[in-house]
Amino acid sequence: MLDAIGTEILARKTELGNLLAREEGKTLPEGIGEAGRAGQIFKFFAGEALRVGGEIIGSVRPGIGVEVTREPLGVVAMIAPWNFPIAIPAWKIAPALAFGNCVVFKPADLVPGCSWALAEIISRAGLPAGVFNLLIGRGSVAGQAMVDHEEVDAISFTGSVATGKNIGASALKRMAKMQLEMGGKNPLVVLDDANLEQAVEVAVQGSFYSTGQRCTASSRIIVTAGIHDAFVQRLTERTRNLVVGDARDAKTQIGPVVDVKQLEQNERYIAIGKSEGATLACGGERLKREKEGFYFSPALFTNCDNNMRICREEIFGPVASVVRAKDYDEALMLANDTEFGLSAGICTTSLKYATHFKRHIQAGMVMVNVPTAGVDYHVPFGGRKGSSYGPREQGRYAAEFYTTVKTAYTLA
Amino acid sequence: MKSNYIAGEWVNSLRATPNINPSDTSDVIDEYT
């Protein structure tokens, strides 16, 4: 069934990607790519369903055998965000079903189209009635009811820090298992020895693509002194030349912001950054296009201090801040100076610094010479510190959340 | 209106919310329960 779901998603990825671009504002290539990823996730977990293993271990007592097995949790409630309307639902639903659970899935009410389309595909897959359920509604009402329901055994949440903390507190009251993926303030460190053009592309991709609306976006760009001025000049030019427009226009590189609320939040942070003394090198303005939409020019702040609010709080838009560092040691210190720990990146040609950074950065995912945003579907996704709570999502590690372990002793 | 899917059935609710295209706010993709 999971394989058939994946096959249909892949066969319809252009149609689904178009819907995604239309409702969320990702560009068409990004939307089609995300739909394809959702299909691959279902196919991956179709295989994982057959690979749920266990252990047979000897006992310390004579004549007794010990079996360690994995079992489903029961009913899993899922609350998904608006920024990945088909990939995140896929990476929650597919492993839950693969490991034998029932699902109550609530998409973001802001972008329910892809989730509804996914649910419609799943509804024809042959699952018994009640194994998969779609519940569209407001988080404060439908989401809270799911979290508080005594027959919900586990909760998988992706969204804001504030909502994640509330869900965590509610789940803990009744000892429900939980997995919370929340915010990020992801650093990209650029060292003196970096390839300048590569570093600029890594920064542009990580900071502004998908309109910066990714929890893994590079929102803090920490640049060492020797390359700082040349990097800032080149990055400013590249950012200024990004084409903002209709998500489904072939010329568009940056689609619109998802809604007016997010647009206003971006504008508030532009004002905050200016009031804190950062230099707005480019962007940060509403844009007019042929049709009325939530268009916003990618914003680059320079001369930032890591203690500024624009460097500490998640903006969730196409807004990046450049912080100057004296050397690698200071850059690493600044990169770790955050309450978050989701993704981090470094641009360098030095094996020594790349290796040291991978070991010492406090993040769940580390990227060397690639953007902080953009991950594979078959390996673990998640962070540490204030970004995440509970077992990882995706890949084989998903079994840690969607199963529980049983140890059986038999005297035969 | 696009419905919820509960216990194997498509179920409407009294409330429907429009899904708006952020590239063109005059474009309503559909209404969702």
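1. Two residues are taken to be in contact, or to touch, if their C-beta atoms, placed from the backbone, lie within 7 Å. The model discussed here is a predicted one, and with that cut-off in mind Gly284(A) touches Ile270(A), Ser297(A) and Ala299(A), once residues up to four places away in sequence are not counted.

2. Gly284(A) lies in the loop between strand E10 (279-282) and strand E11 (286-287) of chain A.

3. Buried residues account for 54% of the 412 residues in chain A, and, among contacts between residues at least 6 apart in sequence, 69% join residues at least 24 apart.

4. The largest nonpolar core has 130 residues, of which Ala94(A), Val103(A), Ile155(A) and Val190(A) touch the most other members. Helix H4 (residues 87-98) of chain A gives the most to this core, with 9 residues. Leaving aside neighbours within four places in sequence, Val103(A) is in contact with Val76(A), Met78(A), Ile93(A), Ala96(A), Leu97(A), Phe132(A) and Asn133(A).

5. Val75(A) belongs to strand E3 (residues 75-79) of chain A, and Val75(A) is buried, having 21 other C-beta atoms within 10 Å. Which residues is Val75(A) in contact with, leaving aside its neighbours within four places in sequence? They are Asn101(A), Cys102(A), Val104(A), Glu151(A), Val152(A) and Asp153(A). Val131(A), which is 56 residues from Val75(A) in sequence, is 8.6 Å from Val75(A) in space, C-alpha to C-alpha.

6. Strand E2 (residues 64-72) of chain A runs antiparallel to strand E1 (residues 55-58) of chain A, to which 4 bridges join it, and Ile56(A) stands opposite Glu67(A) in E2(A). E1(A) and E2(A) form a hairpin with 5 residues between them, and in the turn Gly63(A) has a positive phi of about 80°. E2(A) is also joined by 9 bridges to strand E18 (residues 403-411) of chain A, again in an antiparallel arrangement, where the bridge partner of Ile64(A) is Leu411(A) in E18(A).

7. Turning to the two chains together, 18 residues of chain B are in contact with 28 residues of chain A. On chain B, strand E1 (4-6), strand E3 (17-21) and strand E4 (24-32) each supply at least two residues of the side that touches chain A, and E4(B) gives the most to that side, with 6 residues. The residues of this side of chain B divide into 6 nonpolar, 9 polar and 3 charged.

Methods
Residues are numbered from 1 along each chain as its sequence is written. Chains are lettered from A and ligands numbered from 1 in the order in which they are written. This is a predicted model: local features need pLDDT of at least 70, side-chain atom pairs count only at pLDDT 80 or more; totals for chains, interfaces and linings use all residues. Ala, Val, Leu, Ile, Met, Phe, Trp, Tyr, Cys and Pro count as nonpolar, Asp, Glu, Lys and Arg as charged, and the others, Gly among them, as polar. A residue is buried if 20 or more other C-beta atoms lie within 10 Å of its own, exposed if 12 or fewer, and partly exposed in between; C-beta atoms are placed from the backbone. Two strands pair if DSSP finds at least two bridges between them. A nonpolar core is a set of buried Ala, Val, Leu, Ile, Met, Phe, Trp, Tyr and Cys residues joined through C-beta atoms within 7 Å.
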